[in-house]
Amino acid sequence: MLTVLSVALSLFLFTTLQTALRELTQPATSEASALRLVVRHKVSLANVLPEKYQSRIERMPGVMYCTPFTWFGGVYKDPQNFFPNFAVEANKLFKVFTESDIDPKQLDDFIKEKTACVVGIKTMQRFGWKLGDKITLLGELWPVDVELTIRGIYYGGIDETNLFFHHDYFDELMGKKGLVGTFWIRATSAEAIPGLISRIDRAFANTDAETKTETERAFQLSFVSMFGNIKTLIGSISTVIVFTMILVTASTMSMAIRERAREIAVLKAVGFDGAQLFGLILAESFGLAMAGGALGCFGAWALFSNVDIYTLSRGFFIKFEVTPHILTSGLMIAAGLGIVSCLVPAYANLKTTVVDGLKELD
Amino acid sequence: MSQPIVQIRDLTKIYSHGEIEVVALNHVTLDIQVAEFVALMGPSGSGKSTLLHIIAGIDRPTDGACVVHGTDVGSLGETELAGWRNHHVGFVFQTFNLIPVLTAFENVELPLLLTSLSASERRAHVEAALELVGLGDRMRHLPRQLSGGQEQRVAIARALVTDPTLLVADEPTGNLDAHSAAEVLALLQTLNRQAGKTVILVTHDPKAAAYAGRTVHLEKGELLNGNGQKP
């Protein structure tokens with residue numbers, strides 16, 4: 001039982017780490033996201049771009065829609081209540097992020113009212129907000145607070161946690177400085193993207209605010225690189241976990257076989273040959289390992305399917321899906337563990353003669 | 001006289017422990033007839049258990065021949081020998097050696113799992129064996145739920161269930177009280193006299209040896225009278 005629990009705990013941890021790695025290094029994508037580009041300051045995401053770049057970008061071949069997209073990073077009452085919030089061009093937002101759904105009337109209300117905002121359903125549910133509620137976001141990054149009225153709820157898309165409000169309102173509060181964090185573009189086609197990337201960056205080369213244009217996926221992955229070589233780190237931890245499991249299970253099997261040396265000798269005496277006994281030992285080892293593997297892997301799947309990781313991680317993980325691939329990897333490790341851990345002790349015991357085996361533990 | 005069921009010729013067994021060699025059996029020659037009940041007696045270290053182990057095919061001679069029911073057991077490979085034991089030898093050990101997590105029924109059934117008998121046929125054999133030893137009402141009991149004497153009778157049933165050529169017992173009463181020991185020895189005697197089983201018993205107890213039809217004495221690896229006949 002303890003061996004099963006040991007394997008289960010190790011594979012639970014392995015499954016969790018692999019899922020975290022996947023969520024960090026393979027950001028969720030959609031068909032619509034494949035057509036989106038992000039234009040940011042070449043030096044750093046913290047640097048801003050002039051809003052006048054938008055009109056020039058919109059005139060470029062291959063651009064269907066373009067919206068300014070500025071991280072506001074405001075706080076709702078308490079810093080622990082983190083959720084992403086952005087200033088955008090209201091009538092372009094859902095033309096760029098086409099996979100999200102919003103009631104047309106709510107969208108219209110959002111567009112018409114400068115202090116309106118739209119919120120993702122997850123954040124609405126998290127705080128128990130309703131349409132028409134007034135909320136204030138305290139500026140942390142910017143020296144202004146925004147007072148907003150919720151006019152729309154959006155569903156679907158990759159992230160249902162964001163809040164979007166008018167960039168005009170933000171500009172007004174900032175004193176019309178015309179600053180933009182990034183521009184998000186919807187391209188006309190996938191084929192247009194490579195040319196569009198180079199065209200945009202060439203257009204603003206040798207200016208005070210040179211640009212770096214990249215696909216949405218590349219942009220998301222650039223955040224992961226801030227964590228350092230997380231793949232190597234998690235890979236190393238996972239290797240240590242698997243190696244430790246092998247040692248523990250092999251040790252347990254070795255003890256179990258040794259304790260049953262007399263029983264194995266009796267089975268030999270009544271006529272079980274080496275191959276049959278090896279099969280029995282292997283079946284036990286395999287069974288223990290798979291029981292632990294199933295408990296750990298499916299336990300992780302069940303837990304993360306029913307727990308709100310977004311809330312627990314305070315938005316760090318939008319979702320935390322244990323995929324069939326990860327489950328299969330975990331179960332295959334358990335299977336391999338069951339086989340490998342019994343090889344040496346089984347071989348050693350099967351080489352023991354019946355007479356010597358009957359003398360064991362006398 | 002018909003061919004002996006066990007023919008031992010010039011049998012020698014030497015155990016090597018590094019540079020030290022121990023001669024457990026020294027040029028032993030012995031015949032055992034069909035349906036005999038033979039007791040191998042001798043002090044500790046006389047080689048009686050070693051001789052029994054070689055006859056039963058769980059040890060190999062260093063030199064000489066041991067032919068059981070026409071088969072030179074020393075010439076068989078490991079897998080062949082395992083199969084040979086399953087068909088021809090029934091073991092009864094001093095410490096019973098029942099599998100603790102299996103019921104009496106399952107313990108007795110173990111040797112039959114290696115045969116081609118169906119489940120219902122195996123059941124019939126097991127029930128018959130347990131009835132024979134007087135434990136037909138204890139089939140579902142675990143070893144820990146049985147007395148020492150009952151456990152040994154289950155072990156005898158396990159030894160009998162394949163209808164083996166030989167029934168070998170190595171100090172079967174060593175862990176039993178006098179009453180249980182007498183029951184077990186009487187059972188072995190009954191199996192010999194009424195069922196015609198060839199029984200080879202290793203013991204250091206003259207009272208146990210008295211149940212046998214013939215006693216063979218060993219000392220320091222040699223038969224005392226040199227020709228295997230009752231002294």
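Reply: The crossing of helices α11(A) and α13(A) is right-handed. In this predicted model, the residues where α11(A) touches α13(A) divide into 20 nonpolar, eight polar and no charged. To find the pair, look for residues 274-306 of chain A, which form α11, and residues 324-350 of chain A, which form α13. Two packed helices are described by the angle between their axes and the distance between the axes. Here the axes come within 8 Å and cross at roughly 150°. Angles over 145 degrees count as roughly antiparallel, and α11(A) and α13(A) are therefore roughly antiparallel to each other.

Now step back to the chain that holds this pair. Chain A has 14 helices and twelve strands, and 36% of its 362 residues count as buried. If you take the contacts in chain A between residues at least 6 apart in sequence, 81% join residues at least 24 apart.

A:Arg260 is found in the loop between α9 (230-259) and α10 (261-270) of chain A. Is A:Arg260 buried or exposed? A residue with 20 or more other C-beta atoms within 10 Å counts as buried, and A:Arg260 has 20, so A:Arg260 is buried. The C-alpha atom of A:Arg260 is separated by 9.1 Å from that of A:Gly357, although the two residues are 97 apart along the chain.

Among the contacts in chain B between residues at least 6 apart in sequence, 68% join residues at least 24 apart.

Next, follow the strands. In chain B, four strands form an open sheet in the order β2-β1-β4-β5, with antiparallel pairing. At the edges stand β2 (20-32) and β5 (71-72) of chain B, each with a single partner strand, so one side of each is left without a neighbour in the sheet. Elsewhere in that order, strand β1 (residues 6-17) of chain B is joined by five bridges to strand β4 (residues 63-68) of chain B, and these two run antiparallel. For one of the residues involved, B:Thr12, the bridge partner in β4(B) is B:Asp63.

Finally, here are two backbone angles to look up. Most residues other than glycine have a negative phi. B:His27, however, has a positive phi, near 55°, and is not a glycine. B:His27 lies in strand β2 of chain B, and B:His27 is partly exposed, with 15 other C-beta atoms within 10 Å. B:Asp163 also has a positive phi, about 55°, although it is not a glycine. You will find B:Asp163 in the loop between α5 (148-160) and β7 (166-170) of chain B. B:Asp163 is exposed, because it has 12 other C-beta atoms within 10 Å and 12 or fewer counts as exposed.

Conventions. Residues numbered from 1 in each chain as written. Chains lettered and ligands numbered in written order. Predicted model: local features only at pLDDT ≥ 70, side-chain atom pairs only at ≥ 80, totals over all residues. Axes fitted to C-alpha atoms, helices over the stretch in contact; angles between N-to-C directions. Parallel < 35°, antiparallel > 145°, perpendicular 65-115°, else oblique. Left-handed = near helix turned anticlockwise from the far one by under 90°. Nonpolar A, V, L, I, M, F, W, Y, C, P; charged D, E, K, R; others polar. Pairing = 2+ DSSP bridges. Contact = placed C-beta atoms within 7 Å.
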